[in-house]
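This report covers a predicted model.

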Amino acid sequence: MKLDDKLYLVRFNTDTLNHIKIADAAVCLKCQDKPCTRICPAHVYDWDDEEKRISVGYEGCLECGTCRVGCPYGNILWGYPRGGFGVSWKNG
Ligand code: SF4
Ligand code: SF4
């Protein structure tokens, strides 16, 4: 089974609380490559050029933890969703 097919089988019980926060939006302004927009397999992070900030679509987070170590400034405050919420794997 291809990765895209596996991702299609992922289901979420979405929390109403965002479990991902950007610590300081000003830091993102000076971050040249904005690696969070490339390293997240679920494309949770997106650079909003109008508002000059990173938008975070936490609902699609796969809880892999990559962004915690991939931000060069340690600017992502990531924790697991509350108990019972978040991703549930199906045949993945
Ligand atoms: S990698 Fe970190 S500092 Fe850079 S844009 Fe993303 S959250 Fe901001
Ligand atoms: S934990 Fe993984 S899936 Fe979730 S936002 Fe970070 S990189 Fe993306």
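K34 counts as buried because its relative accessibility is 14%. Buried means under 20% relative accessible area, exposed means over 50%, and partly exposed lies in between (1.4 Å probe, protein chains only). K34 is found in the loop between helix 2 (25-30) and helix 3 (36-39). Helices (H or I, at least four residues) and strands (E, at least two) are DSSP runs, numbered from the N terminus. Phi of K34 is near 45 degrees, a positive value in a residue other than glycine. Most residues other than glycine have a negative phi.

H43 also has a positive phi, near 55 degrees. H43 lies in the loop between helix 3 and strand 3 (45-48). Is H43 buried or exposed? H43 is exposed, because its relative accessible area is 62%.

H19 counts as buried, at 13% relative accessibility. H19 lies in the loop between strand 1 (11-13) and strand 2 (20-22). Leaving out residues up to four places away in sequence, H19 touches Y58, C61, L77, W78, G79, Y80 and P81. Contact here means heavy atoms within 4.5 Å.

C64 is partly exposed, with a relative accessible area of 48%. C64 is found in the loop between strand 4 (53-56) and helix 4 (66-70). C64 and Y80 are 16 residues apart along the chain. Their C-alpha atoms are separated by 10.0 Å.

## Ligand 1

Where does ligand 1 sit? Ligand 1 sits in the largest cavity. A cavity is a set of points, on a 1 Å grid over the protein atoms alone, where a 1.4 Å probe fits but cannot get out. A molecule sits in a cavity if more than half of its atoms lie within 2 Å of its grid points.

The residues around ligand 1 include K34, C28, C31, C36 and C71. Also among them are I22, I54, I76, P35, P72, Y73 and N75. A residue is near a molecule if one of its heavy atoms lies within 4 Å of it. The shell around ligand 1 divides into 10 nonpolar, one polar and one charged residues. Ala, Val, Leu, Ile, Met, Phe, Trp, Tyr, Cys and Pro count as nonpolar; Asp, Glu, Lys and Arg count as charged; the others, Gly among them, count as polar.

## Ligand 2

Ligand 2 sits in the second largest cavity. How many residues surround ligand 2? There are 13, and the closest are C40, C61, C64, G65 and C67. By class, this shell has 10 nonpolar, two polar and one charged residues.

## The chain

The chain has four helices and six strands. Along the sequence they follow the pattern α-β-β-α-α-β-β-α-β-β. The C-alpha trace spans about 40 × 30 × 25 Å along its principal axes.

Of the 92 residues in the chain, 29% are buried. Among contacts between residues at least 6 apart in sequence, 64% join residues at least 24 apart. The chain exposes about 6,200 Å², and carbon and sulfur atoms supply 51% of that area. Accessible areas come from the Shrake-Rupley method with a 1.4 Å probe.

## Conventions

Residues are numbered from 1 along each chain as its sequence is written, while chains are lettered from A and ligands numbered from 1 in the order in which they are written. In this predicted model, local features need pLDDT of at least 70, side-chain atom pairs count only at pLDDT 80 or more, and totals for chains, interfaces and linings use all residues, while side-chain values use heavy atoms, with hydrogens and water left out.

Technical notes: 1 Å grid on protein atoms, 1.4 Å probe; cavity = no way out; pocket = protein on both sides within 12 Å on 5 of 7 lines; lining within 4 Å.
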